[in-house]
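Here are a few notes to read alongside the structure.

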Amino acid sequence: MVRSTSSLLMRDTRPPLWAGVVAGAAAVAFTTLAIYPLREIVPAVSTGVIYLLAVLLVASWFGLWVGLGTAVASALAFNWFHIPPTGRFTVSDPQNWVALAVFLVAAAIASTLAEIARARTREAELRRREADLAADLARLLLGGSDMRSALRPAADRLARALALPGATIELGDGDGDGGDADGAIPLLAQGERIGTLRLDAPATDEALGRVVPGLEAILGVALEREALQQDIVETQALRRTDVIKTSLLRAVSHDLRSPLTAIATAGEALTSPNLTDAERAELAAAVTGESQRLSRLVDKLLDLSRLQGGAADPRREWCSVEEVLRVAIDETPHPAGFNVGIDRDLPLVRADAVQLERAFANLLENAARYGGDHPVAVRARVVGHRLLIRIVDRGPGIHGRELERIFEPFHRAPETRNDGHVGSGLGLAVVRGFIEANDGRVWAESLPGQGTTFVVELPVEEVREPVVEGVG
């Protein structure tokens with residue numbers, strides 16, 4: 001929140017001169033009258049200090065010259081009304097001359113000190129406003145993730161500080177090295193021009209001297225931070241690309257080579273004339289199984305490549321989740337089968353049915369792989385404006401710290417790496433990509449040793465019936 005919108009152009013708010021003269025005269029008159037009762041208890045020459053209070057008040061409010069005038073008027077009034085002989089501007093006792101001179105000097109010093117205090121107060125207020133402005137500019141230019149979108153509000157804050165109708169901050173070299181006639185002021189950092197400040201109206205040199213250096217420093221830091229962030233993002237992207245390349249090479253060298261080796265070995269063995277019919281059927285089944293495994297792996301690699309390349313935009317149409325689930329179940333072999341419990345009259349969802357089928361097939365394949373001899377439970381129901389699909393297995397479960405990482409490409413939970421199952425770590429990454437592309441969410445719920453539940457959440461929209469125009 002902006003703490004202050006006050007202007008750096010502090011105008012002199014003191015009342016006009018005539019008001020100061022009236023106030024000084026009134027203060028002298030009041031003090032003169034107030035001294036009369038005091039003369040009964042203190043010497044008259046000692047009451048002059050009371051005039052100093054009036055001088056201080058007038059000088060602090062109306063300025064030095066009005067204060068000095070009040071001091072002179074106080075000395076004259078003190079001499080005329082209270083220093084013997086009264087009623088004339090003469091002093092009979094030499095000691096009274098000393099008292100009057102001391103009074104004049106003290107009054108002048110008091111007026112000067114009051115003016116200095118006033119000037120320092122004004123300077124402190126200016127510095128406070130300058131600090132508030134710098135803090136606001138730093139918050140705007142350094143507080144967000146996009147520095148360029150903050151240039152407009154920063155320029156508006158600057159215009160308020162300079163009491164101008166508007167201002168603009170532009171990045172880059174601008175049109176030249178110096179200020180332009182239309183109010184353009186170059187912004188420099190380390191001797192190089194980093195931007196331009198354009199004002200809709202002229203500003204005083206004093207105000208610009210307070211604003212421009214701070215703006216240059218903050219803008220320079222913001223540009224340096226943006227460059228560092230860009231370098232970090234590029235470094236992370238390169239690192240991520242290297243990880244993906246390494247994982248892809250591993251998948252190609254191991255996960256693809258394994259079924260190819262099995263297919264080649266079985267195919268070579270099938271040429272032997274000494275095989276029995278049972279052995280030949282077993283080898284043929286191995287070739288078919290490994291071919292299907294290889295096909296699924298290639299499909300996952302292609303799906304992941306399209307997702308990461310941004311080429312997997314869904315073709316949204318109204319579709320039945322129940323039909324999509326049953327197609328995915330029919331295409332996923334599992335000896336123990338599937339225990340399906342789908343609520344009746346599920347609403348249609350607006351999504352890409354092919355992508356949803358791929359996602360559900362990968363989840364069912366994962367559950368069948370780790371579910372062992374137990375059937376996989378498939379549940380679907382509507383909760384509020386969400387459609388929830390739960391796929392539950394009774395496998396080894398997943399530790400809490402791995403529940404989010406299992407959706408990363410090529411990642412496998414440690415407890416599943418040495419369990420005899422073969423997996424590429426691509427299926428769940430494809431699941432998340434396709435589900436999120438259709439405005440859904442997917443997450444895992446699990447406790448070690450108690451199985452795993454994968455939950456898919458899809459938004460439920462109101463189905464709009466087509467309008468059929470009647471024939472008149």
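This is a predicted model: local features need pLDDT of at least 70, side-chain atom pairs count only at pLDDT 80 or more; totals for chains, interfaces and linings use all residues.

1. For the overall picture, the chain has 11 helices and 10 strands. Of its 472 residues, 38% are buried. If you take the contacts between residues at least 6 apart in sequence, 69% of them join residues at least 24 apart.

2. Now find the open sheet. Its five strands come in the order β5-β7-β8-β10-β9, and the pairing is mixed. β5 and β9 (441-446) are the edge strands, each pairing on one side only. Going from one strand to the next, the twist averages 15 degrees.

3. In which sense do β5 and β7 pair? Strand β5 (residues 338-342) and strand β7 (residues 376-383) are parallel, with five bridges between them. To locate the pairing, look for Asn339, which stands opposite Ala377 in β7.

4. On the next pairing along, β7 and strand β8 (residues 386-393) are antiparallel and share seven bridges. Here Arg379 stands opposite Arg390 in β8. The hairpin these strands form has two residues between the strands, and Gly384 takes a positive phi near 65 degrees in it. As background, strands of a sheet pair through backbone hydrogen bonds, in either the parallel or the antiparallel sense.

5. Two helices lie across the sheet. α9 covers β5, β7, β8 and β10 (452-459), and runs at about 175 degrees to β5. α10 also lies across β5, β7, β8 and β10, with an angle of about 25 degrees to β8.

6. How do these helices meet? The axes of α9 (residues 321-330) and α10 (residues 353-371) come within 9 Å and cross at roughly 50 degrees. That angle is why α9 counts as oblique to α10. The crossing of α9 past α10 is right-handed. From α9 the contact uses Val321, Val324, Leu325, Val327, Ala328 and Ile329, while α10 brings Ala353, Leu356, Glu357, Phe360, Ala361 and Leu364. Sorted by class, that contact has 11 nonpolar residues, no polar ones and one charged.

7. α10 has another partner, α11. The axes of α10 and α11 come within 9 Å and cross at roughly 145 degrees, and α10 passes α11 in a left-handed crossing. On the α10 side, the contact is made by Gln355, Leu356, Arg358, Ala359, Asn362 and Leu363. On the α11 side are Gly427, Leu428, Val430, Val431, Phe434, Ile435 and Ala437. These residues divide into nine nonpolar, three polar and one charged.

8. Finally, is helix α11 (residues 427-437) mostly covered or mostly uncovered? Mostly covered: nine of its 11 residues are buried. The buried ones are Gly427, Leu428, Ala429, Val430, Val431, Arg432, Gly433, Phe434 and Ile435. Note that Arg432 is in that buried set.

Notes:
Residues are numbered from 1 along each chain as its sequence is written. Side-chain values use heavy atoms; hydrogens and water are left out. Axes are lines fitted to C-alpha atoms, for helices over the stretch in contact, and angles run from 0 to 180 degrees between N-to-C directions. Helices (H or I, at least four residues) and strands (E, at least two) are DSSP runs, numbered from the N terminus. Angles under 35 degrees count as roughly parallel, over 145 as roughly antiparallel, 65 to 115 as roughly perpendicular and the rest as oblique. A crossing is left-handed if the near helix is turned anticlockwise from the far one by less than a right angle, and right-handed if clockwise. Contact means heavy atoms within 4.5 Å. Ala, Val, Leu, Ile, Met, Phe, Trp, Tyr, Cys and Pro count as nonpolar, Asp, Glu, Lys and Arg as charged, and the others, Gly among them, as polar. Two strands pair if DSSP finds at least two bridges between them. Buried means under 20% relative accessible area, exposed over 50%, partly exposed in between (1.4 Å probe, protein chains only).
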